Each structure stands twice: as structure tokens, then as C-alpha cells.
Amino acid sequence: MNLPPTTNQQEQIITYLFQFRYLLVNQFQKLFNHSDKKWIQELLTDLVTKKYLAKIINEEIARGYIYCLDQRAGHILKKDENIDSDVLRRLYKEKQKEVP
């Protein structure tokens with residue numbers, strides 16, 4: 001299967017989302033220690049377009065988008081030996097994304 005290419009920063013975003021499940025743009029800024037919100041948004045938009053991430057709108061929880069893993073993220077996470085394959089399989093099979 002040919003997957004769309006990703007950068008190291010984008011793969012780090014996918015790993016963060018595996019670790020934290022749901023994140024906002026400002027949380028990514030803190031994780032990357034980066035002040036430019038547009039740079040983070042460009043990375044996230046590209047990952048959403050390539051179906052590695054999904055974005056959820058829920059004004060009750062936060063203003064803006066909430067990001068979570070999508071269909072193709074599992075292919076990137078399989079490369080990491082530290083990730084438990086059972087947890088990854090369970091996450092990958094999840095049909096419906098629910099915001100806590």
C-alpha cells in the first residue's frame with residue numbers, strides 16, 4: 001500500500017495523539033515548544049487531508065478543532081517498536097470517534 005509521505009514532525013504529532021488520544025492546536029504548540037500557530041495548523045491540515053488525523057468540532061469542550069487519529073495513522077504507528085500492537089489494533093478498529 002502506498003501511503004502519502006509524512007515528515008518527522010508529522011509522525012511526532014501522530015505519536016502524541018496515540019499517547020494523549022485528543023489534542024488541540026495550542027497543546028501541540030506546547031508539546032513542540034513552538035510559538036507559530038500557523039506552522040502547527042499547516043502540519044495538522046496536511047495530516048487531515050492525507051487521512052492520518054481527523055478533526056472534531058465540539059464547542060462545549062473547546063473552541064476550534066479537536067484532533068484525533070484516523071484511518072491511516074496505524075500504518076505510521078506500526079513502525080514504532082514501543083507501541084503495543086494489541087492497543088493499536090483496538091484503536092484502529094474503533095468505528096466511532098467520541099470526545100470524552
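Biologist: How many aromatic pairs does the structure hold?

Modeller: This is a predicted model, where local features need pLDDT of at least 70, side-chain atom pairs count only at pLDDT 80 or more, and totals for chains, interfaces and linings use all residues. Residues are numbered from 1 along each chain as its sequence is written, and side-chain values use heavy atoms, leaving out hydrogens and water. Rings of Phe, Tyr and Trp (its six-membered ring) pair if their centres lie within 6.5 Å; planes under 30 degrees apart are stacked, over 60 edge-to-face, and the rest tilted. The number of aromatic pairs held here is five.

Biologist: Nice! What kind of aromatic pair do Y16 and F32 form?

Modeller: Their centres are 5.7 Å apart. The planes stand at 85° to each other, and the pair is edge-to-face.

Biologist: How many residues apart in sequence are the parts that this pair ties together?

Modeller: Helices here are DSSP runs of H or I with at least four residues, and strands are runs of E with at least two, numbered from the N terminus. Y16 belongs to helix α1 (residues 8-20) and F32 to helix α2 (residues 25-32), so the parts tied together are separated in sequence by 16 residues.

Biologist: Is Y16 buried or exposed?

Modeller: Buried means under 20% relative accessible area, exposed over 50%, and partly exposed in between (1.4 Å probe, protein chains only). Y16 has 15% relative accessibility, so Y16 counts as buried.

Biologist: Which residues do ring pairs link into a cluster?

Modeller: F32 also pairs with W39, with ring centres 5.8 Å apart and planes at 90°. Ring pairs join these residues into a cluster: Y16, F20, F32 and W39.
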